[in-house]
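Reader: Could you walk me through this structure, one question at a time?
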Amino acid sequence: MIISGQVVTLQGVVAQQIEVDPAAGLITRLGLHLGAADWEFSGLIFPGFIDSHVHSREFAPPQQSDVPAWRRYQDHLMRETWVAAARAALQGGVTAWLDMPDHPEPPMCQATHTKKWTLMRDLPVTAFPAVAIGPNSEPVPGAPHQLVIGHSPSALTFASANEAAAVLARYRGCHIIIPCKGYNEGGAADGRSRACHTPEAQEIRTITTALDWKDRFALNLHLAHISAAASLETIIDYNRGKSADSRVTCDVTPHHLFFSTETLNQSDSTIQDLLLTNPPLRSELDRRRLLSGLMDGDIDLLASDHEPHTLTDKLRLHRCGVPHLDTMGGFVGWLLQVAGFTPVRIAECFSAVPAHIWREVFPGHGQLAPGKRADITVLDPDVQTSVPFPGRAGLGAGRQLCTRCGWSPFGGRELPGSIRAVFVGGDLRYRWPTEESALLER
Ligand SMILES: [Zn+2]
């Protein structure tokens with residue numbers, strides 16, 4: 001199979017062809033005159049996007065006879081399922097994601113991790129479960145682990161740094177993801193008080209604590225969703241003079257790059273509730289510094305932190321987090337067309353670099369090159385993504401949000417870019433606009 005168009009590699013953007021061996025699911029050659037094209041695309045041909053932080057909410061089902069557990073399971077499925085998240089991922093150009101373990105049945109050891117991974121293996125995109133760290137958890141060799149510094153007390157969060165450090169001693173040398181949230185120093189985390197969660201000083205404290213643990217336990221540390229300029233400067237200071245292997249890596253979300261407290265000040269209370277996140281939106285200066293940090297490479301990755309809370313969760317319970325998977329293509333279009341990113345930088349921060357950091361779980365992903373997986377995302381920056389408000393039409397003819405929660409923080413906006421096709425392992429899994437989108441129905 002031969003695909004023709006503007007191909008984005010780490011060297012640049014070149015009009016050329018990609019030859020794919022569909023049986024092996026691999027790219028065999030890149031070049032100018034490989035043969036008659038099976039697919040010819042306008043727009044940009046990227047390596048499949050890799051999302052390093054997705055909350056897909058589904059987990060291994062409990063026994064139906066355990067009524068409270070079954071109800072809790074059904075409640076989570078209202079927000080998202082693996083299949084719905086996979087469809088949303090394809091619509092956003094995402095071909096692989098790292099699945100976060102914050103749900104009632106988190107994988108916390110080899111057996112529970114294998115159970116969840118087995119259930120996720122048949123999805124139309126690659127999804128790998130990260131492992132939760134709790135007081136009684138065990139390391140899973142090769143897997144990324146997540147440790148949450150407690151914003152609200154649960155089996156997965158630690159009330160103090162000392163408790164967490166005692167457990168981390170078992171995780172020497174492991175890959176650890178720590179979200180930039182803070183200890184709950186301001187009392188109970190209920191209702192609107194969560195709006196002011198993780199003040200900047202707490203976020204910095206979390207980062208310096210995590211960096212101290214990195215040194216003490218030789219952790220392979222990744223800091224998830226940094227939100228403040230001061231956080232980035234702390235990370236840059238730590239990394240100064242360090243080799244590539246001993247650096248800490250970090251990511252930033254679309255919402256911290258697109259919205260700020262200025263957006264909140266200009267919005268009504270509904271929009272303010274929808275944009276509640278933890279860490280919260282920061283100032284316009286912070287937002288601009290994060291954009292330049294991602295552009296320069298001081299921030300390693302773009303990661304969605306896709307959190308599919310329902311509108312009831314958001315408007316009545318004031319839950320933190322926003323869904324993103326469906327709109328990642330439009331958002332990348334915005335990075336290219338408005339924020340001034342080059343296609344090569346997108347291919348780095350949303351494909352090659354995450355594939356390198358998580359190389360044990362996504363081997364062969366992340367680049368358009370011979371021998372690599374034929375995960376390919378075609379984005380047309382000249383076609384707008386019209387993002388719908390809940391219950392209204394949008395995204396372009398025949399397209400709706402696939403996420404079960406059914407809304408987007410970009411609702412009512414036009415994003416300057418749209419995903420046209422996605423191949424996973426050389427297999428066409430998403431095409432728009434044509435009837436071939438029906439491939440998604442499973
Ligand atoms: Zn998260």
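This is a predicted model: local features need pLDDT of at least 70, side-chain atom pairs count only at pLDDT 80 or more; totals for chains, interfaces and linings use all residues.
Reader: What share of the 442 residues of the chain counts as buried?

Author: Residues are numbered from 1 along each chain as its sequence is written. A residue is buried if 20 or more other C-beta atoms, placed from the backbone, lie within 10 Å of its own, exposed if 12 or fewer do, and partly exposed in between. By that rule, the buried share of the chain is 52%.

Reader: Why is helix 2 (residues 82-91) described as largely enclosed by the rest of the structure?

Author: Helices here are DSSP runs of H or I with at least four residues, and strands are E runs of at least two, numbered from the N terminus. Trp82, Arg87 and Leu90 are among the buried residues of helix 2. Their packing partners include helix 3 (110-120) and strand 19 (418-424). Helix 2 is largely enclosed because the buried count is nine of the 10 residues.

Reader: Is Leu34 buried or partly exposed?

Author: Leu34 lies in the loop between strand 3 (26-31) and strand 4 (39-47). Leaving aside neighbours within four places in sequence, Leu34 is in contact (C-beta atoms within 7 Å) with Ile2, Gln17, Glu19 and Arg29. Because Leu34 has 16 C-beta neighbours inside 10 Å, it counts as partly exposed.

How values were computed
Two residues are in contact if their C-beta atoms, placed from the backbone, lie within 7 Å.
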